[in-house]
Structures are given as structure tokens and as C-alpha cells.
Amino acid sequence: MIYNIFYDSNKEIAWSCTADVTTAIKTEQKSTHNYDFLQYDCTNVPNGEDWYINSEGDAVVEKTVFNPSYSTTTPNVDDIVTVTGVPIGTEVFLDGTSIGTMSDTTLTFTAQEAGDFEISLTKDKYKDYSYMLTVQRYS
């Protein structure tokens with residue numbers, strides 16, 4: 001199916017449709033939002049959560065999926081948790097607050113209190129990732 005896709009300067013898809021897009025719409029989107037335009041034949045709907053535009057601006061590419069490995073998914077208080085397979089440059093969030101950007105591919109931390117904690121990972125051209133880690137008092 002042919003999609004009309006509008007995207008920003010970072011090659012992130014802002015919106016797409018299969019309806020006809022006039023020159024007036026293209027001009028308005030460029031002047032108002034600075035969106036560029038691409039017409040592309042896709043099997044899947046090219047949405048901004050899952051897809052982006054390649055560097056040449058002529059194709060749609062699926063975002064990479066995070067695939068981290070945890071040393072434990074049910075740590076006790078004071079356990080050390082190691083998360084491997086996180087790409088360099090990934091921003092890490094704990095319960096929605098940024099705790100930094102990865103300069104290595106391994107994240108290591110000590111579980112300091114019991115409860116549920118959301119670990120989120122974001123990186124350009126990757127699908128956002130979130131995992132709920134449950135820290136137990138002691139088993």
C-alpha cells in the first residue's frame with residue numbers, strides 16, 4: 001500500500017496516511033512544522049513508534065528492539081543486579097526519572113529497597129523499552 005509520510009529533521013515519522021496529499025498540504029506541513037515528505041510502498045502502517053526514515057530520506061526502516069538480559073528479575077534488597085546488552089548511548093530511566101546515559105553496554109546497580117521499579121530505556125532509532133523490576137525484602 002502506498003503511504004504518504006511526513007517526517008521531521010531527525011527522520012522520525014510525525015504522521016502518515018493513504019489519502020491523497022495535495023501540494024498545498026505538503027507546503028503547509030513544511031512551512032508550519034518543517035516536515036519533509038516521502039511517498040513509500042509499505043506492508044505495515046509506518047507509524048513513528050515503530051518506524052523511521054533512513055538517512056537518505058527514501059525508505060522506511062523498522063526501529064531496533066532492545067533485548068537486555070538481567071542477572072535476576074526478582075532480586076532481594078541489597079542484591080546486585082546486572083543488565084547486559086544495553087547499547088552505548090541509551091538513556092536509562094528509573095520510575096520515569098533519567099539516571100543517565102550508557103557509556104558502556106552493562107548497567108549494574110544495587111537493589112536498595114523493596115518494591116516495584118520501572119526501568120525504561122530510550123535511544124534514537126530504537127523502540128522504547130520498559131520493564132517492571134520487583135525487589136523483594138528477602139526470600
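## The largest pocket

The largest pocket has a volume of about 260 Å³, where a pocket is an open set of points on a 1 Å grid over the protein atoms alone, at which a 1.4 Å probe fits and which has protein on both sides within 12 Å along at least five of seven lines. Grid points are joined across faces, edges and corners, and the volume is the space filled by probe spheres set on the points. The pocket is lined by 15 residues, of which Leu 94, Phe 109, Thr 110, Ala 111 and Phe 117 are the closest to its centre; a lining residue has an atom within 4 Å of a point. The model is predicted: local features need pLDDT of at least 70 and side-chain atom pairs count only at pLDDT 80 or more, while totals for chains, interfaces and linings use all residues. Residues are numbered from 1 along each chain as its sequence is written, and side-chain values use heavy atoms, with hydrogens and water left out.

Two or more lining residues of the largest pocket come from each of β8 (91-94), β10 (106-110), β11 (115-122) and β12 (129-135), and β10 gives the largest share, 4 residues. Strands here are DSSP runs (E, at least two residues) and helices are runs of H or I with at least four residues, both numbered from the N terminus. By residue class, the lining of the largest pocket divides into 11 nonpolar, 3 polar and 1 charged, with Ala, Val, Leu, Ile, Met, Phe, Trp, Tyr, Cys and Pro taken as nonpolar, Asp, Glu, Lys and Arg as charged, and the others, Gly among them, as polar.

## Strands β8, β11 and β12

β11 pairs with β12 in the antiparallel sense over 7 bridges, and β8 runs antiparallel to β11, joined to it by 4 bridges; two strands count as paired if DSSP finds at least two bridges between them. Ser 120 has Ser 130 in β12 as a bridge partner, and Ser 120 in β11 is also the bridge partner of Phe 93. The hairpin formed by β11 and β12 has 6 residues between the strands, and Lys 125 in its turn has a positive phi of about 70°.

β1 (residues 2-7) pairs with β2 over 4 bridges, and Asn 4 stands opposite Cys 17 in β2.

## Positive phi in two loops

Most residues other than glycine have a negative phi. Lys 11, in the loop between β1 and β2, has a positive phi near 70°, and Asp 78, in the loop between β6 (69-70) and β7 (80-84), has a positive phi near 80°. Lys 11 counts as partly exposed because its relative accessibility is 21%, whereas Asp 78, at 52%, counts as exposed; buried means under 20% relative accessible area, exposed over 50% and partly exposed in between, with a 1.4 Å probe and protein chains only.
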